Amino acid sequence: MKLIFYGACREVTGSNILLEAGGKKILLDCGFFQGSRLAEERNFEPFAYDPSTIDCVIICHAHLDHSGRLPKLYKEGFRGTVYATAPTKELARLVLFDTEKLMSEEARRSGGKVLFSQADIDGVMELFETIGYGESLEIAREVKLTLKNAGHILGSAVAIIEGEGKTLVYTSDLGNSPSELLEPPDTTSAADYAICESTYGGRTHEDIAKRHEKLNAIIENTVRQNGVLMIPTFAIERTQELLHDIEHFCQTENCEVPKLYLDSPLAQKVTQVFEKYPEFLNGKVRSAHDKDIFGLEQVTMTRTVEESQQIDGAPNPKVIIAGSGMLNGGRILFHLQKYIEDAKNTLLIVGYQAAGTLGRRLLDGDSKVKIFGKNFAVRANILTIGSYSAHADNPQMINWLSKIRGIKKVFLVHGEGSEAMSLAKSIKTKLALSALIPQMGEEYNLVES
Ligand SMILES: [Zn+2]
């Protein structure tokens, strides 16, 4: 077995690892690089390998930074098989079409480039073969793939690859548990090598139980101030968790509930996929709610641009949930430029903000920001609830790894340098294992035990 790391090296986006096993070339994820722009320049650079020589791709979950370059791979000659769970296939399709649309709009507005076409998405979707949790498939001669629940987003998987006398486990993104909607990540009993994410490698999340309290206080404050609460979200999982939590708020708090808008056609479609696959949700959610898990009855869904613009004319107080999650595009920016200069409004950040994004700058306390080329003074409250993270923190990752017998080496990806380094240190002190943090393009031969 040989591994070459081609993405998410000392950063959190662009996941892409080439595994050579059983004489085949297997890709683990094929994601977008994301930064200040949706389609970063690096996505346009040629792959470091010839896409037509790739035999298969394992897409562990549908987030853009894990699936976004699949249509480009197809465009440049890939015709192998894409392995994923059924929800990942459906969600990836939605995410890819949405991305193509946003890229095309940006290209029309400012002359940017488009990475792939709708036909490329259709083409690569034809290559999917779905696989359930716990099922095993032979993906190369005497090389077996098993997917297990990663507890990160709907359909997310940890990939276990056995071949050439070795076992490799790849977390892709490992969930933060307990999750309101998903079962905790599955563990695996033994592996020789582990590739782990390290997004929050050096940190411990705040107590998940405090989340409802905090969210309720923020909503109540918005009502009291007659303000606007803007929540930039990732369309998958975070939106559904928020809807589920706000539904809980509406049921338990005896106060005025502000008007709630879900201003994201993508998030609306994603929510339908969640409703289609209840078996991928946790038992608690399934047993507590027969229907309307997400309280959709009280949510106003805005589809067209005109409907989105009408939100601004609606009376306060109101809550607006819109993309993109890191404020590097999407409808949230139109609301932000309208509301950011008023101190009675709030921007609530509930997800990871990559370096270089507007979300990161706001979180870091910048008092002036540029939106669509115009300057704005930041007067709205910028708040964050960390426990919405969909990623395991340091103690969770150490605990997950501690259950796996026989690990010889750990590779850390999908984390900024300092986070990966902190996790490497903990892995060494707490588990007595050596952890490497690969550089872009670095190659490792996995030797037999
Ligand atoms: Zn993810």
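Helices (H or I, at least four residues) and strands (E, at least two) are DSSP runs, numbered from the N terminus. With that naming in hand, here are some close-ups of this predicted model.

**View 1. His414 sits in the loop between strand 20 and helix 13.** Although His414 is not a glycine, its phi is positive, at about 55°. Most residues other than glycine have a negative phi. His414 also counts as buried, because its relative accessibility is 3% and the cut-off for buried is under 20%.

**View 2. A right-handed β-α-β unit is made by strand 20, helix 13 (residues 417-431) and strand 21.** Strand 20 and strand 21 (residues 434-436) run parallel and are joined by three bridges.

**View 3. Strand 20 (residues 409-413) is mostly covered, with four of its five residues buried.** Strand 20 also pairs with strand 11 (residues 193-197), in the parallel sense and over five bridges. Here Cys196 finds its bridge partner, Leu412, in strand 20.

**View 4. Seven strands form an open sheet in the order 6-5-4-3-2-1-22.** The pairing in this sheet is mixed. Strand 6 (128-130) and strand 22 (443-445) stand at the edges with a single partner strand each, so one side of each has no neighbour in the sheet. From one strand to the next, the twist averages 25°.

**View 5. Strand 3 (residues 24-30) and strand 4 (residues 56-58) run parallel, joined by three bridges.** Within this pair, Leu27 has Val57 of strand 4 as its bridge partner. In a regular strand the side chains alternate between the two faces of the sheet.

**View 6. Ala8 lies in the loop between strand 1 (2-7) and strand 2 (16-21).** Ala8 has a positive phi of about 50°, though it is not a glycine. Is Ala8 buried or exposed? With a relative accessible area of 1%, Ala8 is buried.

**View 7. Ser177 and Pro178 are joined by a cis peptide bond.** Omega is about 0° for this bond. You will find Pro178 in the loop between strand 10 (166-170) and strand 11.

**View 8. A cis peptide bond also joins Gly323 and Ser324.** Its omega is about 0°. Ser324 has its place in the loop between strand 15 (318-322) and helix 10 (332-339). For context, most peptide bonds are trans.

Definitions and conventions:
Residues numbered from 1 in each chain as written. Predicted model: local features only at pLDDT ≥ 70, side-chain atom pairs only at ≥ 80, totals over all residues. Heavy atoms only, no water. Pairing = 2+ DSSP bridges. Axes fitted to C-alpha atoms, helices over the stretch in contact; angles between N-to-C directions. Buried < 20%, exposed > 50% of the residue type's maximum accessible area, 1.4 Å probe, protein only. Right-handed = clockwise from strand over helix to strand, strands pointing away.
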